[in-house]
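Dear colleague,

I am handing over the structure that we spoke about, and it is shown just below. Please have it open while you read the notes that come after it.

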Amino acid sequence: MLRQALQGRAAGGLGAGIAVRAKLRAFVIYLRSVQGIPLARLSHVLRDLFGLDISEGALVNILDASREPFAMQTSLIKARLLAGTALASDETGMRVGKGNWWLWVFHHADSAVFIAAKHRSKAVVHAFLGDWRPDYWISDRYGGQMGWATREHQVCLAHLIRDVQYAIDSGDAVFAPGLKGLLKRACAIGRRRDALTDGTLKIYEADLNRRLDRLMSLIPADQAGVKLQTIIKRSAVISSSS
């Protein structure tokens, strides 16, 4: 049936074939780009599932034809990101061919741009931002992610919670458990931020900082707790705006 639609012989004629071909192109792009299916295997998948004989060369042409539309949409998403006041970023390792690359993401609440780069350096961030700088930058404490905010750098709470859990698992029972509860409370407040007034947020922020001060006065008995406390001392103040 799919083959007939592609050839315009199914109900709906040529119009149906055009619509199906568009969906097929989208399906090919999804399987190759998102699921990472190699071209030779993708050709076999289309043949085995749908009875379609599509060569690797034809698949390459489909992918090449998508470059310009994707580049256009990427530019629009980037413009949306650079129009805001806050930007979050992270990076992780990835394989490209036989080499080790880095996959960077720049995002806020509803938009994200991913960039594959050979290097894990500030040059990637600089190339993305140009001369523009956000008021607030959210990231982990990696050096390449530091120094981009004009007002404040907010340490990513998800990364902090991961560090806290590691300290707990390593034996710290003095500092890390209380800090985990504090961070979870900050995240819960953040999820409700749009429904809270500025005055309420300031009250929450002051309360979080008082709780943090009490935690920082504790003396961890385990080396993991000592290390975590040192990390927190160097980190940005926890804020309900995160």
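This is a predicted model: local features need pLDDT of at least 70, side-chain atom pairs count only at pLDDT 80 or more; totals for chains, interfaces and linings use all residues.

Residues are numbered from 1 along each chain as its sequence is written, and side-chain values use heavy atoms, with hydrogens and water left out.

The chain has ten helices and five strands, where helices (H or I, at least four residues) and strands (E, at least two) are DSSP runs numbered from the N terminus. Of the 242 residues in the chain, 32% are buried, a word that stands for under 20% relative accessible area, with exposed meaning over 50% and partly exposed in between (1.4 Å probe, protein chains only). Among contacts (heavy atoms within 4.5 Å) with a separation of 6 or more, 44% join residues 24 or more positions apart.

Two packed helices are described by the angle between their axes and the distance between the axes. Here the axes are lines fitted to C-alpha atoms, for helices over the stretch in contact, and the angles run from 0 to 180 degrees between N-to-C directions; angles under 35 degrees count as roughly parallel, over 145 as roughly antiparallel, 65 to 115 as roughly perpendicular and the rest as oblique.

Helix H3 (residues 39-50) and helix H4 (residues 56-65) cross at roughly 100°, and their axes come within 9 Å, so the two are roughly perpendicular to each other. On the H3 side the contact is made by Leu39, Ala40, Leu42, Ser43 and Leu46, and on the H4 side by Glu56, Leu59, Val60 and Leu63. By class this gives seven nonpolar, one polar and one charged residues, with Ala, Val, Leu, Ile, Met, Phe, Trp, Tyr, Cys and Pro counted as nonpolar, Asp, Glu, Lys and Arg as charged, and the others, Gly among them, as polar.

Further along, helix H8 (residues 176-191) and H9 cross at roughly 170°, with axes that come within 10 Å, which makes H8 roughly antiparallel to H9. The residues in this contact include Leu179, Leu182 and Ile189 of H8 and Leu201, Leu208 and Leu212 of H9, and the contact divides into nine nonpolar, one polar and three charged residues.

Helix H9 (residues 198-216) also packs against helix H10 (residues 223-234), at an angle of about 140° and with the axes 11 Å apart, and the pair is therefore oblique. This contact is made by Leu212, Leu215 and Met216 of H9 together with Gln229, Ile232 and Lys233 of H10, of which four are nonpolar, one polar and one charged.

As for the cysteines, the count of disulfides (a pair of cysteine sulfur atoms within 2.5 Å) comes to zero. The sulfur of Cys156 has its closest cysteine sulfur in Cys187, at 8.4 Å, which is too far for a bond. Cys156 is buried, at 16% relative accessible area, whereas Cys187 counts as partly exposed, at 23%.

Finally, Phe114 is found in strand E3 (residues 112-117) and is exposed, with a relative accessible area of 57%. Leaving aside residues up to four places away in sequence, Phe114 touches Leu103, Trp104 and Val105, and its C-alpha atom is separated by 9.3 Å from that of Glu91, 23 residues apart along the chain.
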